[in-house]
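Okay, thanks for coming, everyone.

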Amino acid sequence: MNPFVYESFDVSSRTGFMPPRPPLGRLPAPWKVWEESLDDARRESLQPGDKLGLTTAEMARSERWRAGVRQIPLLDMNDPETSTEHLRRAHLVLTFLMHFYIHTLPPTCSIVIPRPISIPLLQVAKILDLPPVITFSDTVLYNWNLGEDSSDSDSLKSFISSDIQCHTLFTNTRDEIAFYLTSARIELHGVQALNIMRSSMDEIFVGDSLAITRLTTYLTSLATVIDELKLLLLEVRKECDPEIYYNVVRPWFRGEDSDTYLVPGSGKKRRWIFEGAGDYTDLNMLPPDRELSGASAGQSSLIHALDVFLGVNHEQPNAPSFMKRMQRYMPRQHRRFLDHLGKNSRSLREFVLSASSRDSNDDRALALKDAYNKAVMSLKEFRDSHMIIAALYIIGPARRAAEAAAASLVKTMPDTLNGITGTGGTDLVQFLKGVRNRTVRNLLPDEEYVQSC
């Protein structure tokens with residue numbers, strides 16, 4: 001019997017961690033006022049408050065929009081009859097509104113999220129067990145629809161080719177679309193990896209010589225799929241310009257922990273204040289360490305699943321690792337899937353080690369170890385490609401932005417040369433090198449190599 005029933009973890013055999021049907025594209029009454037306010041923000045082409053060269057007209061347009069948000073009636077999202085589909089859309093819309101509100105503020109302003117956004121967002125966040133901040137699931141998993149010529153019954157192949165489209169955007173640029181769709185295509189193609197994992201679990205459970213042969217075939221296929229994910233990742237370069245991404249798109253989904261501006265006169269970093277939250281004792285959705293990270297590829301359950309399945313361990317001795325912290329931002333059922341995968345009674349890596357140790361001259365065991373190492377190396381190369389993308393889309397533009405700020409004598413511009421962070425709030429270079437190196441450490445060495453060391 002298969003030890004995994006993926007569907008019980010809200011994981012589809014056809015679309016993986018993405019829903020099997022297009023998510024709700026618009027909230028009905030009485031919440032349509034949120035959708036209309038979001039429409040207004042996009043129609044007005046609002047600009048980040050720390051944009052270099054921001055005009056007086058742009059600042060005034062942003063303030064008019066924010067004033068309208070403060071006048072929205074306080075709507076309740078605490079009805080237990082509200083469907084999960086509506087709650088997911090509400091989380092997406094409210095976090096988009098919140099990020100528009102926060103990031104159009106001047107960098108010298110304190111951040112107070114007005115009650116019409118803060119209270120319903122905290123209510124939704126509590127029900128969904130998600131932080132009250134924009135996440136990967138908002139920008140990718142639940143932010144798509146199909147082209148007019150497509151139907152819900154279309155195949156996975158048609159999803160990946162051209163039919164899937166982004167639904168909700170900050171900038172309406174093709175660069176933002178390409179950025180989200182790259183992740184969506186990786187998630188959809190990753191279904192093949194999830195299905196390989198499921199078949200591999202069956203063989204590990206059986207554990208005989210035929211199972212070893214089959215598992216070797218599965219791991220060889222898994223390496224190929226991960227290589228294909230790498231190519232999909234690199235394809236973002238075709239339609240997403242690095243400068244537009246960094247300066248126009250990326251500022252909108254920064255989290256509180258990547259905000260480097262200081263409160264005037266205090267020397268302290270700005271905090272996000274959820275207006276009215278203190279009036280509701282049951283709405284404390286902020287993590288104990290007060291971390292609010294923005295949407296990040298580190299929140300992809302697919303990549304975490306590959307790590308767990310291959311036995312790549314990112315844990316640290318004294319504190320949760322970045323990868324572990326990013327699981328807080330995943331949908332609840334996907335977190336449970338990863339926990340279930342990690343608690344399997346016999347891990348893949350242990351099985352490969354056991355097969356190799358029984359007879360180091362067994363050709364089948366050697367082939368299994370080689371296939372396992374190829375899969376690990378493919379994951380390492382995927383992370384190498386992630387470093388290439390980070391250098392192209394974040395590190396390079398960040399340095400050029402710092403130089404431009406210095407040339408313009410802009411004093412409010414944060415120091416982007418020191419400790420460049422991802423939208424998840426971590427030191428980007430050190431993080432990417434760390435996960436890559438921990439992946440490499442999972443390789444199983446040859447006996448001759450071990451004896452010569």
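So, which helices each supply at least two residues of the lining of the second largest pocket? Helix H8 (191-206), helix H11 (301-310), helix H12 (322-326), helix H13 (332-342) and helix H14 (348-358) do. Before I go on, keep in mind that this is a predicted model.

How much space are we talking about? About 530 Å³ lies in that second largest pocket. It has 24 lining residues, and the closest to the pocket's centre are Asp 307, Val 308, Val 312, Leu 338 and Gly 342. If you sort the lining by class, you get 9 nonpolar, 9 polar and 6 charged residues.

Now let's stay around helix H11 for a moment. Phe 309 is found in that helix. Is Phe 309 buried or exposed? Its relative accessibility is 4%, so Phe 309 counts as buried. If you skip its neighbours within four places in sequence, Phe 309 is in contact with Met 197, Ser 200, Met 201, Leu 219, Leu 222, Leu 341 and Leu 348.

Next, Leu 310. Again leaving out neighbours within four places in sequence, Leu 310 is in contact with Leu 222, Leu 348, Arg 349, Tyr 372, Ala 375, Val 376, Leu 379 and Asn 442. So what about the bigger picture? In general, nonpolar side chains in soluble globular proteins tend to be buried together. Here, the largest nonpolar core has 118 residues, and Leu 310 is listed with Trp 34, Leu 222 and Phe 337 as having the most contacts inside that core. The largest share of the core, 13 residues, comes from helix H15 (residues 363-407).

On to the aromatics. Searching the whole structure turns up 14 aromatic pairs. Take Phe 100 and Trp 252: their ring centres are 4.9 Å apart and the planes sit at 55°, so this pair is tilted. Phe 100 is in helix H3 (residues 84-104), while Trp 252 is in the loop between helix H10 (242-249) and strand S4 (272-274), so the pair links distant parts of the chain, 152 residues apart. Both of these residues, Phe 100 and Trp 252, are buried.

Then there's Tyr 245 with Tyr 393. Those ring centres are 5.8 Å apart with planes at 80°, so we call that pair edge-to-face. This one also links distant parts of the chain, with Tyr 245 in helix H10, Tyr 393 in helix H15, and 148 residues separating them. Tyr 245 has 4% relative accessibility, so it counts as buried. Tyr 393 comes out at 4% too, and so counts as buried.

Which residues form one aromatic cluster? Trp 65, Phe 96, Phe 100, Phe 170 and Trp 252 do.

Definitions and conventions: Residues are numbered from 1 along each chain as its sequence is written. This is a predicted model: local features need pLDDT of at least 70, side-chain atom pairs count only at pLDDT 80 or more; totals for chains, interfaces and linings use all residues. Side-chain values use heavy atoms; hydrogens and water are left out. A nonpolar core is a set of buried Ala, Val, Leu, Ile, Met, Phe, Trp, Tyr and Cys residues joined through side-chain atoms within 4.5 Å. Buried means under 20% relative accessible area, exposed over 50%, partly exposed in between (1.4 Å probe, protein chains only). Helices (H or I, at least four residues) and strands (E, at least two) are DSSP runs, numbered from the N terminus. Contact means heavy atoms within 4.5 Å. Rings of Phe, Tyr and Trp (its six-membered ring) pair if their centres lie within 6.5 Å; planes under 30 degrees apart count as stacked, over 60 as edge-to-face and the rest as tilted. On a 1 Å grid over the protein atoms alone, a cavity is a set of points where a 1.4 Å probe fits but cannot get out, and a pocket is an open set with protein on both sides within 12 Å along at least five of seven lines; lining residues have an atom within 4 Å of a point. Grid points are joined across faces, edges and corners, and a volume is the space filled by probe spheres set on the points. Ala, Val, Leu, Ile, Met, Phe, Trp, Tyr, Cys and Pro count as nonpolar, Asp, Glu, Lys and Arg as charged, and the others, Gly among them, as polar.
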